[in-house]
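Reader: Could you go through this model with me and show what stands behind each label? I would like to see the criteria next to the values.

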Amino acid sequence: MTEFITQLPKAELHLHLEGSLEPELMLKLAQRNKLFLPYDDIAAIKAAYEFGNLQDFLDIYYQGANVLQTEQDFFDLTWAYLLRCKEQGVVHTEPCFDPQTHTDRGIPFPVVVNGISAALKQGQTQLGISSYLILSFLRHLPEEAAFKTLEMALPYRDQFIAVGLDSSEMGHPPEKFERVFAKARAEGFKAVAHAGEEGPAAYVWSALDLLSVDRIDHGVRAFEDAKLIQRLIDEQVPLTVCPLSNTRLKVFADMADHTILKMLDQGVMVTVNSDDPAYFGGYVAENYQAIYESLAMTPAQLQQLAINSIKASFLPQDVKNSIILQVESVGI
Ligand code: HPA
Ligand SMILES: [Zn+2]
């Protein structure tokens, strides 16, 4: 099945670039930048990746991001991710990054965005992978800080397509960011937000109604609210689901409990993504493989998930149509 999954042309729509920082690159960048890391080797780094919940993970993820200092570091991070995309049949990606994680420790915004953009551009020319970048606000910080980040980013507006919302969900509902999302939309950006990962289905409603998002990141707790599921089906709101992330962060105790297949069968526009692959044990193909094995999915359902990933992307309709034809031509 691995080969079939790899052959399916896919889009990845929920990927934190900082979460693709593999332990090997983390050590290399720490040495290059002469920084202290509280780990002796790769095994020690990996041993720290045992999470009881989202916050346990975020604490380690923000600490890991400290090794990213120069434009070259952000280029190398992004390029390593794109090479994985190439291996796994990802033909289009819409990764996000957290500028505040870097600007708050003194790294200038252009260092971050220019390093990422240069790698994405090279991904298009050398690997044939198209991409749109998403700028995410950290929801544990005040809305005022998100406004400042948006202002800082506006001179670089050609380098990203959408704004997003991530970090600690509980206690930080979408409504906290209503004004900054309105401003971003008025500036012409698309919008996505994490909602219904650890937070309740109510956060999915408010992301849709108050932030006017085009997609929901995660959204798996929508399953607890039948009315919400019906709305997601009626409006074909995409959910960027991340199966390995959900089990590693204990959103589901076991992959066999995951609701993605039920939602797919009901007609929800679900997609498969890796979230933070360096921390959760797999890139996008491993996520397809995990649900295929644990949920007894059929190859036709895997193909539908790949089609959904293209449909839910921000690509122009004619490009979507031609990639979907290619997905359909992969023999089952
Ligand atoms: O899964 C996530 N949820 C919220 N914030 C994040 N930042 C990186 N990954 C995540
Ligand atoms: Zn995420």
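This is a predicted model: local features need pLDDT of at least 70, side-chain atom pairs count only at pLDDT 80 or more; totals for chains, interfaces and linings use all residues.

Reader: Why is I229 called buried?

Author: A residue is buried if 20 or more other C-beta atoms lie within 10 Å of its own, exposed if 12 or fewer, and partly exposed in between, with C-beta atoms placed from the backbone. I229 has 20 C-beta neighbours inside 10 Å, so I229 counts as buried.

Reader: And what does I229 touch, not counting residues up to four places away in sequence?

Author: The partners of I229 are A222, F223, Q266 and V268. Contact means that the C-beta atoms of two residues, placed from the backbone, lie within 7 Å.

Reader: What makes A30 partly exposed?

Author: A30, in helix 2 (residues 23-32), has 17 other C-beta atoms within 10 Å, and therefore counts as partly exposed. Beyond four places in sequence, A30 is in contact with L35, L37 and V67. The C-alpha atoms of A30 and L68 are 8.3 Å apart, and these residues are 38 apart in sequence.

Reader: Now D276, please. Where does it lie, and why is D276 called buried?

Author: D276 lies in the loop between strand 10 (270-272) and helix 14 (277-280). D276 has 25 other C-beta atoms within 10 Å, so D276 is buried. Its contacts outside four places in sequence are H16, G19, Y61 and S245.

Reader: Which feature does UniProt list for D276?

Author: The UniProt record, an unreviewed entry, lists D276 under "binding site". UniProt positions follow the numbering used here, feature names are shortened, and annotations may be inferred rather than shown by experiment.

Reader: Which residues are around ligand 1?

Author: They are H16, G19, L54, Y61, D166, S167, H194, E197, S245, D275 and D276. A residue is near a molecule or strand if its C-beta atom, placed from the backbone, lies within 6 Å of it. By class, this shell has two nonpolar, five polar and four charged residues. Ala, Val, Leu, Ile, Met, Phe, Trp, Tyr, Cys and Pro count as nonpolar, Asp, Glu, Lys and Arg as charged, and the others, Gly among them, as polar.

Reader: How do you know that strand 6 and strand 7 pair, and in which sense?

Author: Two strands pair if DSSP finds at least two bridges between them. Strand 6 (residues 162-166) and strand 7 have two bridges, in the parallel sense. V163 has A191 in strand 7 as its bridge partner. Strand 8 and strand 9 (residues 239-241) also pair in the parallel sense over two bridges, and I216 has L239 in strand 9 as its bridge partner.

Reader: What makes strand 7 mostly covered?

Author: Five of the six residues of strand 7 are buried. Strand 7 (190-195) is also among the elements that cover the buried residues of helix 10, together with strand 8 (215-218) and helix 11. Those buried residues in helix 10 (residues 201-210) are Y203, V204, S206, A207 and L208.

Reader: Which residues touch the most other members of the largest nonpolar core?

Author: A nonpolar core is a set of buried Ala, Val, Leu, Ile, Met, Phe, Trp, Tyr and Cys residues joined through C-beta atoms within 7 Å. The largest one has 96 residues, of which I116, A191, A193, A207 and Y288 touch the most other members. Y288 touches I5, V272, L302 and L305, leaving aside residues up to four places away in sequence.

Definitions and conventions:
Residues are numbered from 1 along each chain as its sequence is written. Chains are lettered from A and ligands numbered from 1 in the order in which they are written. Helices (H or I, at least four residues) and strands (E, at least two) are DSSP runs, numbered from the N terminus.
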